Amino acid sequence: MNNDFLFHYQTRETLNLHAAEGYAVVVPLAATEQHGPHLPVFTDSIVCENIALEACRKASESMKLLLTPTLTIGCSQHHLAFGGTLSFTSSTYLLMLNEIGESLVSGGFRKIIFLNAHGGNEQLMHQTAQDLAVKHAIWTASASYWSLSRSALYEQNAQEMGMVPGHAGGFEASLIASLAPQLVRGGASADSQHPQRSWINAGPAGTFIGKHGQLTGAQGYTDSILPADAAKGTQYLHAIIESTASWLVQVGNWMNEGVEGEA
Ligand SMILES: [Zn+2]
């Protein structure tokens, strides 16, 4: 299997050469945080690593691209109270993303793409992408996988699982049931009465509603895992990987325009 697109498998010499050749670098962002009583705390990282690996493998057939290791700890402050969570505060995480970007710029790279799989990272990721492109003569881009695959997942009727992606509900349970079925724990019958909160995601696009203690669902998850289905999880992953790969190629084409003032 071709692993030439893996940043961390290359030598300094190869990476310096690729930087000069205009390679784009994809930095995947995930989390280690509680996912209710039934899913592993590494859920977002397991999902992220799979999506990033397969989407970049596909995109690398038609663009110059490198994939860095996944940042498996993110900003998960709203999960700390439940236990089972490793987290950076938002200010630390913003600084870390920025310094990863600065490292790539120092290494000669001019195209940086953040790919995210955890809600708490999203705004900080977009802010970092903007800050880096303001400061340096580079291209940046950033996206969460659910934004890239929203229409593809809708076509698959993924909303039958509950919230998409939600948190530790039927949708994420389906993805883990596909990727690591031994990590989905039992006890699902107890959560069939999980309360639906009408105000979650109910406002117009771009608005935010927060309620203390319920930023991640009343019991640390947004909806029941009862509908979870491994075969459907495999289909969702396929749709996400396809959508992500096409976006990467599209972004790669735009980035080939270069940057004014580029060294
Ligand atoms: Zn998750």
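Ala168 is buried, with a relative accessible area of 0%, where buried stands for under 20% relative accessible area, exposed for over 50% and partly exposed for what lies in between (1.4 Å probe, protein chains only). The model is a predicted one, in which local features need pLDDT of at least 70 and side-chain atom pairs count only at pLDDT 80 or more, while totals for chains, interfaces and linings use all residues. Residues are numbered from 1 along each chain as its sequence is written, and side-chain values use heavy atoms, with hydrogens and water left out.

Ala168 belongs to the loop between helix 6 (150-155) and helix 7 (170-179); helices (H or I, at least four residues) and strands (E, at least two) are DSSP runs, numbered from the N terminus. The phi of Ala168 is near 60 degrees, a positive value in a residue other than glycine. Asn157, which lies in the loop between helix 6 and helix 7, has a positive phi of about 60 degrees although it is not a glycine, and at 35% relative accessibility Asn157 counts as partly exposed. This loop also holds Pro165, and a cis peptide bond with an omega of about 5 degrees joins Val164 and Pro165.

Helix 7 is largely enclosed by the rest of the structure, because eight of its 10 residues are buried. Among these buried residues are Phe171, Glu172, Leu175 and Ile176. What covers the buried residues of helix 7 includes helix 2, helix 5 (145-148), helix 6 and helix 8 (230-255), with contact taken as heavy atoms within 4.5 Å.

Four strands form an open sheet in the order 2-1-3-4, with parallel pairing; two strands pair if DSSP finds at least two bridges between them. Its edge strands are strand 2 and strand 4 (139-144), each of which pairs on one side only. Neighbouring strands of this sheet are turned by 20 degrees against each other on average, direction ignored, where axes are lines fitted to C-alpha atoms, for helices over the stretch in contact, and angles run from 0 to 180 degrees between N-to-C directions. The pairings are set out below.

| Strand pair | Sense | Bridges |
|---|---|---|
| Strand 1 and strand 2 (residues 65-67) | parallel | three |
| Strand 1 and strand 3 (residues 111-116) | parallel | five |
| Strand 3 and strand 4 | parallel | six |

Strand 1 (residues 24-29) has six of its six residues buried, so it is largely enclosed by the rest of the structure. In a regular strand the side chains alternate between the two faces of the sheet. Ala24, Val26 and Pro28 point one way from strand 1, whereas Val25, Val27 and Leu29 point the other way, and all are buried. In strand 2, Val25 has Leu66 as its bridge partner and Val26 has Leu67, while in strand 3 the bridge partner of Val26 is Ile113 and that of Val27 is Phe114.

Strand 3 likewise has six of six residues buried, so it is largely enclosed by the rest of the structure. Both of its faces are covered, with Lys111, Ile113 and Leu115 buried on one side and Ile112, Phe114 and Asn116 buried on the other. Phe114 stands opposite Ser142 in strand 4. From strand 3 the chain crosses through helix 4 (residues 122-135) to strand 4, and this β-α-β crossover is right-handed, a term used if, with the strands pointing away from the viewer, the path from the first strand over the helix to the second runs clockwise. Strand 1, helix 2 (residues 43-59) and strand 2 also make a right-handed β-α-β unit. Helix 3 (residues 90-106) lies across strand 1 and strand 3, running at about 160 degrees to strand 1.

**Ser87 and its surroundings**

Ser87 is found in the loop between strand 2 and helix 3, and at 24% relative accessibility Ser87 counts as partly exposed. Ser87 and Thr32 are 55 residues apart in sequence, yet 7.4 Å apart in space, C-alpha to C-alpha. Leaving aside its neighbours within four places in sequence, Ser87 is in contact with Ile73, Gly74, Cys75, Ser76, Gln77 and Leu80.
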